[in-house]
Every structure is written in C-alpha cells, then in structure tokens.
Amino acid sequence: MLGQRQGIIVWLYSLKQAKLLRKFGNVHFVSKRLKYVVLYCDLEDTETIMEKIQSLSFVKKVEPSFKPFLKTEYENSKPDKAKEYDYRMGI
C-alpha cells in the first residue's frame with residue numbers, strides 16, 4: 001500500500017529531461033507551457049529527493065507542496081438553510 005505522499009514541484013529550463021525525473025518518484029503532471037513537473041514521492045524521503053533533484057543541471061528550482069500539512073477540517077461546516085432549500089429545489 002502507499003504511505004503518506006508529498007508533491008514536489010520541479011521547475012525546468014527545458015522539458016527534454018522531464019523523463020529523467022521518473023526515477024525519483026511518480027510524475028503526475030508535466031506543464032509544457034510553464035515548464036514544470038509535479039512529482040509525488042514518500043513523505044519521509046522528500047528532503048533527500050529534493051536535494052538530489054536540485055543538484056541536477058537542468059533544474060531551475062524545486063518547491064515542496066504543503067498539501068499534507070494543511071488543515072482540511074473547517075469550523076463552520078454546516079450549510080446555510082436557504083442554500084440547502086435551493087439545492088433541494090434544483091435551482
């Protein structure tokens with residue numbers, strides 16, 4: 001099974017070497033226009049993988065994704081009564 005994963009955003013000078021990043025984790029998305037790659041790896045290995053990727057010559061910048069650390073439980077999660085009525089009506 002998969003453990004905790006974290007995304008890494010890798011900004012590249014050229015997309016020719018984007019395939020080489022597959023050995024560091026799962027490549028989720030490649031943006032051709034903005035020249036970046038979204039890569040997923042294990043949460044424990046994130047720091048070492050980021051250092052290895054940053055040392056490559058074709059990499060401009062490496063940024064971690066903070067999604068695993070964000071709070072996803074909201075304080076006021078009860079829906080508004082007026083909106084709830086509209087949803088039942090199909091508006």
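This briefing covers the confidence of the model, the pairing of its strands and a patch on its surface. The structure is a predicted model. Its chain has a mean pLDDT of 86. Strand 1, at residues 5–12, is largely enclosed by the rest of the structure, and this strand pairs with strand 3 and with strand 4.

**Confidence**
- A pLDDT of 70 or more is reached by 79% of the residues in the chain.
- Strand 4 has the highest mean pLDDT among the elements of the chain, at 96.
- The lowest mean pLDDT among the elements, 65, belongs to helix 2, which spans residues 81–89.

**Strand 1 and its partners**
- Of the eight residues in strand 1, six are buried, so the strand is largely enclosed by the rest of the structure.
- Seven bridges link strand 1 with strand 3 (residues 36–42), and the pairing is antiparallel.
- On this side, W11 has Y36 of strand 3 as its bridge partner.
- Strand 1 also runs antiparallel to strand 4 (residues 59–64), and five bridges join the two.
- Here V10 has V62 of strand 4 as its bridge partner.

**Surface patch**
- Three residues, F66, F69 and L70, make up a nonpolar patch on the surface.
- Together they have about 380 Å² of accessible area.
- One of them, L70, is located in the loop that lies between strand 4 and helix 2.
- The relative accessible area of L70 is 58%; exposed means over 50%, so L70 counts as exposed.

How values were computed: Residues are numbered from 1 along each chain as its sequence is written. This is a predicted model: local features need pLDDT of at least 70, side-chain atom pairs count only at pLDDT 80 or more; totals for chains, interfaces and linings use all residues. Side-chain values use heavy atoms; hydrogens and water are left out. Buried means under 20% relative accessible area, exposed over 50%, partly exposed in between (1.4 Å probe, protein chains only). Helices (H or I, at least four residues) and strands (E, at least two) are DSSP runs, numbered from the N terminus. Two strands pair if DSSP finds at least two bridges between them. pLDDT is the predictor's confidence in each residue, from 0 to 100. Patches are made of residues with over 30% relative accessible area and no salt bridge: like charges are joined within 9 Å, nonpolar side chains (Val, Leu, Ile, Met, Phe, Trp, Tyr) within 5 Å. Accessible areas come from the Shrake-Rupley method with a 1.4 Å probe; for residues, only the protein chains shown count as cover. A salt bridge is a side-chain nitrogen of Lys or Arg within 4 Å of a carboxyl oxygen of Asp or Glu.
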